[in-house]
Amino acid sequence: MGLLDALLGNAAETDAQDIQLELSQLLAPGETVRIAYAVVRDLMVFTSKRLILVDKQGVTGKKREYLSIPYRSIERFSMETTGHFDLDAEIKIWVRGQTEPISKNFRNDKNIHDVYRALSEFAL
């Protein structure tokens with residue numbers, strides 16, 4: 001169900017070891033992937049040192065943008081769950097030095113609580 005959830009816009013937990021191998025060229029010495037979530041084609045990767053947001057672009061997804069956010073730079077974050085007429089859930093992350101938050105949308109509440117809990121665990 002993980003792949004189907006990710007394609008539908010639900011956050012699906014992915015195998016941390018697979019992501020560790022995929023990001024091995026980007027990780028600092030001693031840095032390890034603790035947990036990762038796939039949302040559609042994008043990834044939210046929680047490592048031992050930072051949050052990495054992977055934005056897969058283009059038709060094939062071969063082009064990627066990697067945004068690294070050290071946990072100490074996260075000032076605050078929020079979660080908005082779905083409602084009766086608003087079926088999208090959202091997490092916002094405010095990073096020191098930026099006025100606008102980084103927003104990640106989810107199709108429903110299914111795993112947004114797990115992502116929020118991971119963000120709480122690593123950023124606080």
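Visitor: Buried means under 20% relative accessible area, so is Y71 buried or exposed?

Guide: Y71 is buried, because its relative accessible area is 8%, which falls under the 20% cut-off. Please keep in mind that this is a predicted model.

Visitor: Okay, and the overall layout? How many helices and strands are there?

Guide: The protein chain has 3 helices and 8 strands, and read along the sequence they follow the pattern α-β-α-β-β-β-β-β-β-β-α. Of its 124 residues, 39% count as buried. Among contacts with a separation of 6 or more, 38% are accounted for by residues 24 or more positions apart.

Visitor: Back to rings. How many aromatic pairs does the count come to?

Guide: The count comes to 4 aromatic pairs. One of them joins Y71 and F122, whose ring centres are 5.6 Å apart with the planes at 15°, so this pair is stacked. Y71 sits in the loop between β5 (63-70) and β6, while F122 belongs to helix α3 (residues 112-123), so the pair ties together parts that are 51 residues apart in sequence. F122 is buried as well, at a relative accessible area of 15%.

Visitor: And F77 with Y116, how far apart are the ring centres?

Guide: The centres of the F77 and Y116 rings are 5.3 Å apart and their planes stand at 70°, so the pair is edge-to-face. Here strand β6 supplies F77 and helix α3 supplies Y116, so parts 39 residues apart in sequence are tied together. The two partners can also be described by their accessibility: F77 is buried, with a relative accessible area of 15%, whereas Y116 counts as partly exposed at 25% relative accessibility.

Visitor: Which residues do ring pairs link into a cluster?

Guide: Y37, F46, Y71 and F122 are linked into a cluster by ring pairs. On a separate note about rings, R76 lies over the face of W94, at 4.4 Å from the ring centre.

Visitor: α3 keeps coming up. How many residues does it have, and what do its buried residues pack against?

Guide: Helix α3 has 12 residues and reaches 16 Å from its first C-alpha to its last, close to the 16 Å expected at 1.5 Å a residue. The buried residues in α3 are I112, V115, A118, L119, S120, F122 and A123, and the buried residues of this helix pack against β2 (33-39), β3 (42-47), β4, β6, β7 (89-95) and β8 (102-106).

Visitor: Which side chain does R50 join in a polar contact?

Guide: The side chains of R50 and E31 are joined by a polar contact of 2.7 Å. A polar atom of the R50 side chain also lies 2.8 Å from the backbone oxygen of L26.

Visitor: One more. What separates the C-alpha atoms of V39 and F106?

Guide: Those C-alpha atoms are separated by 7.3 Å, although V39 and F106 are 67 residues apart along the chain. V39 has its place in strand β2 and counts as buried at 13% relative accessibility.

Visitor: And Q17, buried or exposed?

Guide: Q17, in helix α2, residues 16-22, counts as exposed, at 63% relative accessibility. Its C-alpha atom is separated by 9.0 Å from that of T32, a residue 15 residues apart from Q17 along the chain.

Conventions:
Residues numbered from 1 in each chain as written. Predicted model: local features only at pLDDT ≥ 70, side-chain atom pairs only at ≥ 80, totals over all residues. Heavy atoms only, no water. Polar contact = N/O pair within 3.5 Å; in protein donor to acceptor, adjacent residues only side chain to side chain. Phe/Tyr/Trp six-rings, centres within 6.5 Å; stacked < 30°, edge-to-face > 60°. Helix = DSSP H or I, 4+ residues; strand = E, 2+ residues; numbered from the N terminus. Buried < 20%, exposed > 50% of the residue type's maximum accessible area, 1.4 Å probe, protein only. Lys NZ or Arg CZ within 6 Å of the ring centre and 35° of its normal. Expected span 1.5 Å × (residues − 1). Contact = heavy atoms within 4.5 Å.
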